[in-house]
Every structure is written in structure tokens, then in C-alpha cells.
Amino acid sequence: MVDRVLSVVARLRAAGRTADRESARGGQPGLDAMLLVRIAKQRALNETRQLPVKQDPTYFPRIKAFARLQLTDEELAKWL
Amino acid sequence: MAVGTGRVTFWFGCNMLRHAEMIRLSILLLERVGYDVSAVGGPAYCCGTAHDHQPRAASNMAARTVARFNDSAQKDGRSVVITWCPSCHMHMSDIMAPGNATSFDISHISEILADCADRLAPLLIVSVKRRVLLHRHVGFATHAPVNDRVIGLLSRIPGLELVEGPAHPGHMCSALAPVPGALAAAARDTWTAAAVAGCDIVCTIFHSCHRELAALDGKDEIRIRNWVHLIAEAMGIDASDAYRDWRTGRAPDIAAIERAEEQRYHQLIEPELRRPFPSR
């Protein structure tokens with residue numbers, strides 16, 4: 001997992017996408033902090049188990065129930 | 001990224017299915033500025049970001065969604081995917097696209113509409129006499145200057161006075177929810193700033209913030225609107241907000257509850273709509 005994430009970061013770096021974009025810190029060059037947090041979270045979830053996994057089996061059923069509450073038949077056919 | 005008038009895919013994500021009017025208004029705005037829009041979303045177009053704890057499943061979902069966008073680009077000429085959800089956008093940019101061959105570009109809807117502001121402005125014919133505080137997050141600025149773009153669009157609305165609210169961490173309110181006290185603090189700061197500035201509207205940019213702050217609608221006589229609602233109002237278009245109204249006590253009509261299946265409504269929907277906003 002770590003290797004895979006690092007390879008993604010390396011590719012992003014090569015593409016100039018980790019450092020050179022307008023950032024929340026005023027456009028200064030640097031690594032994308034959001035992405036680094038994301039990588040750390042994935043590692044903590046799947047490797048070191050420092051974060052507890054939150055299983056939510058109602059995630060998609062809840063979204064679908066909300067959709068059925070308000071979408072037309074045509075929209076439901078397209079999007080659900 | 002600027003794109004010309006043409007055929008586009010509007011990828012609204014999955015949680016936006018709670019906000020049908022916001023999806024429809026977004027499509028309408030894109031169409032009014034000249035785009036031919038194919039809107040997609042829901043579980044079939046999952047980005048996988050909600051499944052970080054299941055990397056293999058998330059990876060498969062991401063690959064499937066990218067393949068669908070590639071297909072649409074190659075067979076239907078829709079080589080630009082316009083995003084709404086910052087999670088989907090960042091996941092596509094940081095994980096999905098680097099990990100899968102793509103034949104499309106992505107851009108956020110606020111960037112697209114801002115690029116077309118001169119086409120949009122003549123359509124804003126109704127004065128919206130509101131003093132509006134914009135609820136902002138800074139976390140998506142690494143990918144799209146969404147705060148600036150929405151400010152630019154709202155500033156075109158006749159009659160509307162805009163006040164910039166405090167800038168919160170994370171890309172939207174859902175990022176704050178796991179941190180004890182953070183969501184309540186962000187809401188409190190937003191509401192206090194709106195009240196102090198004499199605003200009658202708090203304007204959200206993203207659906208997650210809208211979903212959370214809708215619970216506070218009416219407090220201190222301040223209403224919640226999303227930026228697409230305000231633009232639609234200025235165009236003289238109905239901009240109702242069923243989710244906000246349900247969140248503040250109105251019940252969906254019986255036919256809608258039956259369509260959603262009554263048992264599922266009580267099990268899945270009501271607890272969310274009746275959940276009190278975290279006080280701390």
C-alpha cells in the first residue's frame with residue numbers, strides 16, 4: 001500500500017501537481033498537505049491500524065432512499 | 001481550466017442525491033451558458049473516496065468510473081468532466097487519474113461558470129436584495145480556487161451584498177465532523193459572523209456544508225442558501241430547497257415517502273433529518 005501511494009506521489013511530483021498549484025497557503029510551492037493527510041489516513045486505516053475502521057453499511061442505502069424521495073422516475077432510471 | 005462551449009459530463013457525486021434541486025439547477029446553469037450536459041452520479045459513478053478502508057474495492061470503483069468517463073469522451077465527445085463534489089474532484093485528480101489512463105480533463109463547476117460569467121451575467125435580471133455571508137473552507141484551494149470563483153459569480157447578482165465569512169479548515173464540513181468540536185465551532189463562527197455583519201443569508205458552496213448548516217436555518221432570522229440557489233433566484237427561476245425544509249421540520253409528502261419505502265424512510269432518512277446539530 002505504501003509503495004503504491006508513494007508511486008502516486010512520485011508521479012504527481014513529476015507532473016508538477018504536488019507543489020506548483022495555487023494552494024491554501026497563498027500559492028507557495030510545497031507538497032499538497034491535503035494529499036499527505038490523505039495518505040497518512042489510508043496508512044493508519046489499512047496498515048498500522050491506528051485509526052478504527054468505520055463501517056457504514058447504510059451509506060449507499062441512505063443515499064438511495066433520499067434519491068427516491070425526490071427524484072423523478074426518469075432521473076432515478078439515469079442516476080440510481 | 002477554461003473549456004469552450006461543447007459537450008460535457010457533469011459528475012455531481014453521490015451525496016448530492018439528497019439535493020435534487022441543486023443538481024437540476026447546476027445542469028440548468030451549465031446549459032444556459034451553452035453547454036450540452038450529460039449529468040451522472042450516484043453509486044454507479046462512485047469515486048471510491050468513502051471506502052479508504054477497503055482499498056481494493058475503492059480501486060475497482062475508481063477504475064470503473066474512469067472507464068465510463070473514457071467511454072463517454074471517446075464515443076460521445078465529452079472530453080471534459082465537470083465536478084461538483086470536492087472529494088470526488090480531489091480523488092480523481094490525486095488518485096484515480098494518476099492510477100488509470102484517462103482521456104478527459106476535469107474542472108470544477110465554479111471554474112466553468114466563472115469562465116462564462118459574461119454569458120451568465122445578462123441572465124441575472126432579478127434583484128436579490130440579500131446581505132449574504134459566504135461560508136468558506138480552504139482545503140479545496142489546492143485544486144480549484146472555488147471561494148474566489150463563487151465570490152466572483154455572486155458579485156454579479158444585482159442587489160446582493162456579499163460578506164466573506166471565516167475560512168474553515170478542510171474541504172467541506174464533512175472533513176470537520178470526525179474532529180470533536182470542530183463542526184460546532186465552524187458553525188458557531190459562521191453564524192456569529194453573519195449575525196454581527198447583519199446578514200440574512202448564510203450561503204454554502206458545497207452540499208456537505210449545506211446538509212449540516214441546514215439544521216440552523218432560521219436561527220437569528222438567518223436563512224441557508226446554496227450559491228446555485230442564489231444565482232437561480234437572480235435568473236427568476238424557482239430555487240426551492242426540500243432538504244433544508246425537511247431538516248427544519250417539514251415532512252416530505254406521503255407519496256414521496258411511499259416511493260422511498262416507508263420503512264426505509266423511518267430507518268434511514270428520519271434519523272438524519274431529526275438529528276440535532278452538535279452544540280459542541
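Visitor: Let's start with one side chain. Which residues does B:Trp227 touch, leaving out those up to four places away in sequence?

Guide: This is a predicted model, so read everything here as computed from it. Contact is about how close two residues sit: their C-beta atoms have to lie within 7 Å. With neighbours up to four places away left out, B:Trp227 touches B:Val150, B:Leu153, B:Leu154, B:Cys203 and B:Ile205.

Visitor: What about helix H6 of chain B: which of its residues are buried?

Guide: Burial is a head count: 20 or more other C-beta atoms within 10 Å makes a residue buried. In H6(B), which runs over residues 146-154, that goes for B:Val146, B:Asn147, B:Arg149, B:Val150, B:Leu153 and B:Leu154. These residues take up an arc of only 165° around the axis, so they sit on the same side of H6(B).

Visitor: Which residues of the largest nonpolar core touch the most other members?

Guide: The largest one has 95 residues, and the members with the most partners are B:Ile82, B:Val132, B:Val202, B:Trp227, B:Leu230 and B:Ile231. So where do the members come from? Domain 1 (7-115) and domain 2 (124-243) of chain B each supply at least three residues to this core.

Visitor: How many residues of the two domains of chain B are in contact?

Guide: To read a boundary like this, look at each side in turn. Domain 1 of chain B brings 19 residues and domain 2 of chain B brings 25. On the domain 1 side, the elements giving two or more residues are helix H1 (20-32), helix H3 (86-99) and H4 of chain B. By class, that side has eight nonpolar, eight polar and three charged residues. The C-alpha centres of the two domains are 23 Å apart.

Visitor: Zooming out, how many helices and strands does chain B have?

Guide: Chain B has 12 helices and eight strands. Its radius of gyration is 19 Å, close to the 19 Å from the globule rule for 280 residues, so chain B is as compact as a globular protein of that length. Of those 280 residues, 50% count as buried. Another way to read a fold is to ask how far apart in sequence the contacting residues are. Among contacts in chain B with a separation of 6 or more, 76% are between residues 24 or more positions apart.

Visitor: How many helices and strands does chain A have?

Guide: Chain A has four helices and zero strands, giving the pattern α-α-α-α along the sequence. Of its 80 residues, 22% are buried.

Visitor: How many residues does each chain give to the contact between chain B and chain A?

Guide: The size of an interface is often given as the accessible area lost when the parts come together. Here we can count residues instead: 31 from chain B and 31 from chain A. On the chain B side, H3, helix H11 (254-260) and helix H12 (262-274) each give two or more residues. H3(B) has the largest share, with five residues. By class, the chain B side divides into 19 nonpolar, seven polar and five charged residues.

Visitor: One last feature. What is the phi of B:Asp220?

Guide: Most residues other than glycine have a negative phi. B:Asp220 is not a glycine, yet its phi is positive, about 55°. You'll find B:Asp220 in the loop between helix H8 (207-213) and strand E8 (223-226) of chain B. B:Asp220 is exposed, because it has 12 other C-beta atoms within 10 Å and exposed means 12 or fewer.

Visitor: How far apart are the C-alpha atoms of B:Ala195 and B:Asp220?

Guide: They are separated by 7.1 Å, although the two residues are 25 residues apart along the chain. B:Ala195 sits in helix H7 (residues 182-196) of chain B. B:Ala195 is partly exposed, with 16 other C-beta atoms within 10 Å. Leaving out residues up to four places away in sequence, B:Ala195 touches B:Asp220 and B:Ile222.

How values were computed:
Residues numbered from 1 in each chain as written. Chains lettered and ligands numbered in written order. Predicted model: local features only at pLDDT ≥ 70, side-chain atom pairs only at ≥ 80, totals over all residues. Rg over C-alpha atoms; globule rule 2.2 N^0.38 Å. Arc of directions from axis to C-beta. Domains from an automatic or database assignment. Nonpolar A, V, L, I, M, F, W, Y, C, P; charged D, E, K, R; others polar. Core = buried A, V, L, I, M, F, W, Y, C linked by C-beta atoms within 7 Å.
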